[in-house]
Amino acid sequence: MIKAADAAPGGGPTLGWWAAAAALLVVLLVPLLMVDVPPVLDYPNHLARYFVLAHPDDPILSQVYAPHWRILPNLGMDVIGAALLKVSSVHVGGRILLALSLLMPVIGAIVYHRVVFGRFSYWSLASGVVAYNAVFFLGFMNFLLSLGLALIGAAAWIALRRRNRNVAAVVIGAAFAALTFFSHIFGVALFALLIGSEEMARIVRARRDGAPVFREMAVSALLLTLALAPAVALYLASPLSEAAAGVGPWRGLAKLWDLFAPVMTTSEVVTMLSVGALLIALGLVTSGARLAPALPLTLLVLAAGFVIVPAMYKGGSFLDIRLAVMAAVLLFAGMLPQLSPRRAVAVAALVIALIAGRSAYVSKDWYDHRHDLAELRAAIAHVEPGERVLMARGRAVDIIAAAQAGRALARYFPLDNHVGALLTIERRAFWPLMFADATQQPMVVKPAFASYAAPLCEPVELSMLMETASLQVGQAGHRCKTYLADWPHRFDAVLMLEPPATAPSPELSPAYRGNYVALYRVTPPQAEPGSAGRVHAGELSSPVQ
């Protein structure tokens, strides 16, 4: 058995490796050239917030939103995005940010693999197989950034500890712990798990070699405590530490589909073909493969966590699929196949076909999305800057039909809940569902508009929209109903996905109707005394409280 010749003498990358890396970069980025607003669930909402943060003096939006920078574990992309959109057009800068979130886990896998095994391996490039995963399509950009940072930080820790540079390991480890915290709390957990598992492996080796185990344990415990202390301190100083638990349901057998998250797409067929091909590739490389010392324990903990965790905790959602994606990336970062030439060729052909095929499917899917995007823009063209626009659905989401149209992850979740954020980006209009929650984002809705906002809610279904039309402010109860109270007198328009064939109520007058999107003007039967009326560019008025 031999290794593939992918490292030059001294462990540096060969010309062939660089060529493969460049080809991987191009193939992964091709879909981002297909459309200026990719159908990635949270992306438009995040992009709208970056846009507002980058333009804090906008004459209209500055009356609605205010920056609110504080210690939070989701600041990474906000800091980068707010800076980037000051010098870049919004949709070019946005796709650069998407590319960063797409590539960071792959970069992290390559760096970790290089440090652990002392060489640049083609297998680490195969992590491109799982670059387009469910977490990416859901738009969890900070999480993906933190995943890459965690792997790079763990690689730095391993390199320094191997050289017995313990002080440097603590300093660099503490820096990465803090940096990763400001990206996502899950990244900190992975970083802690990786370096903790590495230290456990050192202790096991010390015991096997007859070295003083107690001393090794004491040193490891001290170094880990010092390295992780900044992240713990930042967590305790953040609103997250005081947030209510908010434990969601345990998904039970539904988690079996969640296992496919690392290769999940909008197509059930493509997802299952990807699962089959990936399992074959793993079957070909696992026999005799070298494993990173931290890999077995890390995978065991992630597997247990996947089974145990609920769907949501402390405002974090889709927890189990995040763990599945972490584990999948680690299979490329922490394993070095030992392959015969014939098997190496077979694995290479399979991996190349898998990466190229998946990228081609995503490219076609996103190219087709241009039709939905054109309809959406045609609808919001009727919105004036400064107007208040609700977002609704004409009917409950049919995940199967939505996935066939490229608007949902197969058998999982819709991807178009936040397309209304283009109202803020392109029309300077107020949209209630902007991610501007003080406990999670560095931006807030100003008090005058707080009763109109629902930053952690989804688009309302038509039935609920009709039920809340006559409710007075303060009567709606649940936070995702409160902002809807008396909406005919408080909003100017309704943007509706999958609209019914006719206007659903006398209060709604069609301004634009397409197959996918409709815009209705709100015409209340009787204006209330003291109503703020409509909001127009340059004269944004305070809404009625």
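An open sheet of five strands runs in the order β10-β6-β11-β13-β12, with mixed pairing. Its edge strands are β10 and β12 (508-513), and each of these pairs on one side only. Strands here are DSSP runs of E with at least two residues, helices are runs of H or I with at least four, and both are numbered from the N terminus. Two strands pair if DSSP finds at least two bridges between them. Strands of a sheet pair through backbone hydrogen bonds, either parallel or antiparallel. The model is predicted: local features need pLDDT of at least 70, side-chain atom pairs count only at pLDDT 80 or more, and totals for chains, interfaces and linings use all residues. Residues are numbered from 1 along each chain as its sequence is written, and side-chain values use heavy atoms, with hydrogens and water left out.

Both kinds of pairing occur in the sheet. Strand β6 pairs with β10 (residues 460-461) in the parallel sense over two bridges. There, Arg393 has Glu461 of β10 as its bridge partner. Strand β6 is also joined to β11 (residues 493-497) by five bridges, and these two strands run parallel. The pairing of β11 with β13 is antiparallel and has five bridges. In this pair, Ala493 has Arg521 of β13 as its bridge partner. Strands β12 and β13 (residues 517-522) are antiparallel too, with five bridges. They form a hairpin with three residues between them. Leu508 stands opposite Val522 of β13, and Ser509 is partnered by Arg521.

Strand β6 (residues 389-393) is largely enclosed by the rest of the structure, because five of its five residues are buried. Buried means under 20% relative accessible area, exposed means over 50%, and partly exposed lies in between (1.4 Å probe, protein chains only). In a regular strand the side chains alternate between the two faces of the sheet. On one side of β6 lie Val389, Met391 and Arg393, on the other Leu390 and Ala392, and all are buried. Strand β13 is mostly covered, with six of its six residues buried. Val517, Leu519 and Arg521 point one way from β13, and Ala518, Tyr520 and Val522 point the other way.

The structure holds one disulfide. A disulfide is a covalent bond between the sulfur atoms of two cysteines. The pair is assigned when the two sulfur atoms are within 2.5 Å. Cys457 is joined to Cys480, with an S to S distance of 1.9 Å. The link is left-handed, with -90° about the S-S bond. It connects distant parts of the chain: Cys457 is in the loop between β9 (443-445) and β10, Cys480 is in helix α19 (residues 479-482), and they are 23 residues apart. Cys457 is buried, at 3% relative accessible area.

Helix α12 (residues 268-286) has 19 residues. From first C-alpha to last it reaches 27 Å, close to the 27 Å expected at 1.5 Å a residue. The expected span is 1.5 Å times one less than the number of residues. Buried residues of α12 include Val270, Leu278 and Val285. The buried residues of this helix pack against α5 (122-125), α11 (255-258), α14 (319-333), β5 (335-336) and α15 (341-380). Contact means heavy atoms within 4.5 Å. Val285 has 0% relative accessibility and counts as buried. Leaving aside neighbours within four places in sequence, Val285 is in contact with Trp123, Met335, Pro337, Leu339 and Val347.

The N-terminal end of α12 is capped by Ser267, with a side-chain oxygen 3.3 Å from the backbone nitrogen of Val269. Just after the helix, Gly288 takes a positive phi of about 80°. Thr266 lies in the loop between α11 and α12. Thr266 is buried, at 6% relative accessible area. Its side chain makes polar contacts with the side chains of Tyr361 at 2.8 Å and Asp365 at 2.7 Å. A polar contact is a pair of N or O atoms within 3.5 Å; within protein, one must be able to donate a hydrogen and the other to accept it, and residues adjacent in sequence count only if both atoms are side-chain atoms.
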